[in-house]
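Here is a briefing for a reader who is meeting this structure for the first time. Please look over the sequence and the model before reading the notes, which are grouped by topic.

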Amino acid sequence: MEPNDATTILATCSHTHLFQGARCHLQGLPDPTAFAATPHPIDVYLRFPDGAATDAELHTEGPAGPVLKVPAYTTGAGTAIDSHAWTVRDFTATGDEVELTIGAKSSA
């Protein structure tokens, strides 16, 4: 499974699931430095190191600040992960990528 269209941005994640402090790397942004400074809403395709993947949405407006909305998915080992919305506590440009640092669960 790959991103479903040209406007979806690939994000490789550091773990098989998200949690506070987990990191994902957005790849293929036209200007990573500008995006890290002023993030905007995008569709994201999360790829986890165990081969699992899912579509997600990054929302940047709202009372919780930037939020990554992730639907339910199953890890490569078969563990069901419920849908969650996560705050994004940091956006850091690292070369041609932007590293997202996941914050707390959000009700958004």
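Among contacts in the chain (heavy atoms within 4.5 Å) between residues at least 6 apart in sequence, 44% join residues at least 24 apart. This is a predicted model, in which local features need pLDDT of at least 70 and side-chain atom pairs count only at pLDDT 80 or more, while totals for chains, interfaces and linings use all residues. Residues are numbered from 1 along each chain as its sequence is written, and side-chain values use heavy atoms, with hydrogens and water left out.

**Overall fold**
- The chain has 1 helix and 9 strands, where helices (H or I, at least four residues) and strands (E, at least two) are DSSP runs numbered from the N terminus.
- From the N terminus on, these elements follow the order β-β-α-β-β-β-β-β-β-β.
- The radius of gyration, taken over C-alpha atoms, is 13 Å, close to the 13 Å that the globule rule (2.2 Å times the number of residues to the power 0.38) gives for 108 residues, so the chain is as compact as a globular protein of that length.
- The C-alpha trace spans about 35 × 30 × 25 Å along its principal axes.

- Of the 108 residues, 40% count as buried, where buried means under 20% relative accessible area, exposed over 50% and partly exposed in between, with a 1.4 Å probe and protein chains only.
- Not counting residues up to four places away in sequence, Val 44 touches several residues, including Ile 9, Leu 26, Leu 58 and Leu 68.

**Glu 99**
- Glu 99 lies in strand S9 and is buried, with a relative accessible area of 16%.
- The side chains of Glu 99 and His 25 are joined by a polar contact of 3.3 Å, that is, a pair of N or O atoms within 3.5 Å, of which, within protein, one must be able to donate a hydrogen and the other to accept it, and residues adjacent in sequence count only if both atoms are side-chain atoms.

**Cysteines**
- The structure holds 0 disulfides, a disulfide being a pair of cysteine sulfur atoms within 2.5 Å.
- Cys 13 is buried at a relative accessible area of 8%, and Cys 24 is buried at 0%.
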